[in-house]
Amino acid sequence: MSTVSSADLVQQIEQACSLLQTARTQEERSMAERLLLQFREMKNPFELCQLLLEHSRNSHTHYHALSVLTAAALRDWDTLDASLRSALRQYVLRLCAQRGVLSDQLVRTAHLSCAQLTKRHWAEAHQTDQSRLLALHACAQALTSSSSSSSSS
């Protein structure tokens, strides 16, 4: 999938989403599922997901693009740059505000996605705060023990 242009990938994913809904044979359905699985497993699919969300007219394609964006962000969270993580959360938050433009189902999915990304961000921030507090506590204990040992001498 990586040697194909973005425009071709958009077209292939849209076709796979349509085929998944209209497949007449198990072979057609399997082919569509394979392509969507490859899409889900892509490294850094964020630009492609954004293209699909902004330019596709197929709500099924929108759903898959948002699902892949969320899954990839959560899967790769620890390796993503903090600015990209923030940009992804902001992008999904903007999707939440597009009621009337996007289907109600997609807006609900965007709310869930936003909640998942925010929770992951909060957990990471909370862990960092907790690590800082533990470091401060260790420093305080070291200072306390060094001052008590120096005063006993």
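Trainee: How far is the sulfur of Cys-114 from the closest cysteine sulfur, and in which residue does that sulfur lie?

Mentor: Let me begin with the basis of the values. This is a predicted model, in which local features need pLDDT of at least 70, side-chain atom pairs count only at pLDDT 80 or more, and totals for chains, interfaces and linings use all residues. Residues are numbered from 1 along each chain as its sequence is written, and side-chain values use heavy atoms, with hydrogens and water left out.

A disulfide is a pair of cysteine sulfur atoms within 2.5 Å. The closest cysteine sulfur to that of Cys-114 belongs to Cys-96, at 4.7 Å, which is too far for a bond. The count by this rule is 0 disulfides.

Trainee: Is Cys-114 buried or exposed?

Mentor: Burial is read from relative accessible area: buried is under 20%, exposed is over 50%, and partly exposed lies in between (1.4 Å probe, protein chains only). Cys-114 has 13% relative accessibility and therefore counts as buried. Cys-49 is also buried, at 0%. Of the 153 residues in the protein chain, buried residues make up 32%.

Trainee: How many helices and strands does the protein chain have?

Mentor: Helices (H or I, at least four residues) and strands (E, at least two) are DSSP runs, numbered from the N terminus. The protein chain has 6 helices and 0 strands, and its pattern along the sequence is α-α-α-α-α-α.

Trainee: Which residues of H5 are buried?

Mentor: An α-helix has 3.6 residues a turn, so residues three or four places apart point the same way. In H5 the buried residues are Arg-85, Leu-88, Arg-89, Tyr-91, Val-92, Leu-95 and Cys-96. Viewed down the axis of H5, these buried residues fall within an arc of 160° (taken from the directions from the helix axis to the C-beta atoms), so they line one face of the helix.

Trainee: Which residues does Leu-69 touch, beyond those up to four places away in sequence?

Mentor: Contact means heavy atoms within 4.5 Å. Leu-69 lies in helix H4 and is buried, at 1% relative accessibility. With residues up to four places away left out, Leu-69 touches Phe-46, Cys-49, Leu-88, Tyr-91 and Val-92. Leu-88, Tyr-91 and Val-92 are among the buried residues of H5. For the whole protein chain, 59% of the contacts with a separation of 6 or more are between residues 24 or more positions apart.

Trainee: With which side chain does the side chain of Ser-56 make a polar contact?

Mentor: A polar contact is a pair of N or O atoms within 3.5 Å; within protein, one must be able to donate a hydrogen and the other to accept it, and residues adjacent in sequence count only if both atoms are side-chain atoms. The partner of the Ser-56 side chain is the side chain of Glu-14, at 2.8 Å. Ser-56 is in the loop between helix H3 (46-55) and helix H4 (59-75), and counts as buried at 7% relative accessibility.

Trainee: How many salt bridges does the structure hold?

Mentor: Side chains of opposite charge can pair when their charged atoms come close. A salt bridge is a side-chain nitrogen of Lys or Arg within 4 Å of a carboxyl oxygen of Asp or Glu. The structure holds 3 salt bridges. One of them joins Arg-29 and Glu-33 (3.4 Å, N to O); both residues lie in helix H2 (residues 26-41), 4 residues apart, about one turn of the helix. Another joins Asp-76 and Arg-75 at 3.0 Å, N to O; Asp-76 is buried at 9%, whereas Arg-75 is partly exposed at 42%.

Trainee: Which parts does the pair of Arg-120 and Asp-78 tie together?

Mentor: Arg-120 forms a salt bridge with Asp-78, with the closest N and O atoms 3.2 Å apart. Arg-120 lies in helix H6 (residues 104-151) and Asp-78 in the loop between H4 and H5, so the pair ties together parts that are 42 residues apart in sequence. Arg-120 is partly exposed at 28%, and Asp-78 is exposed at 63%.
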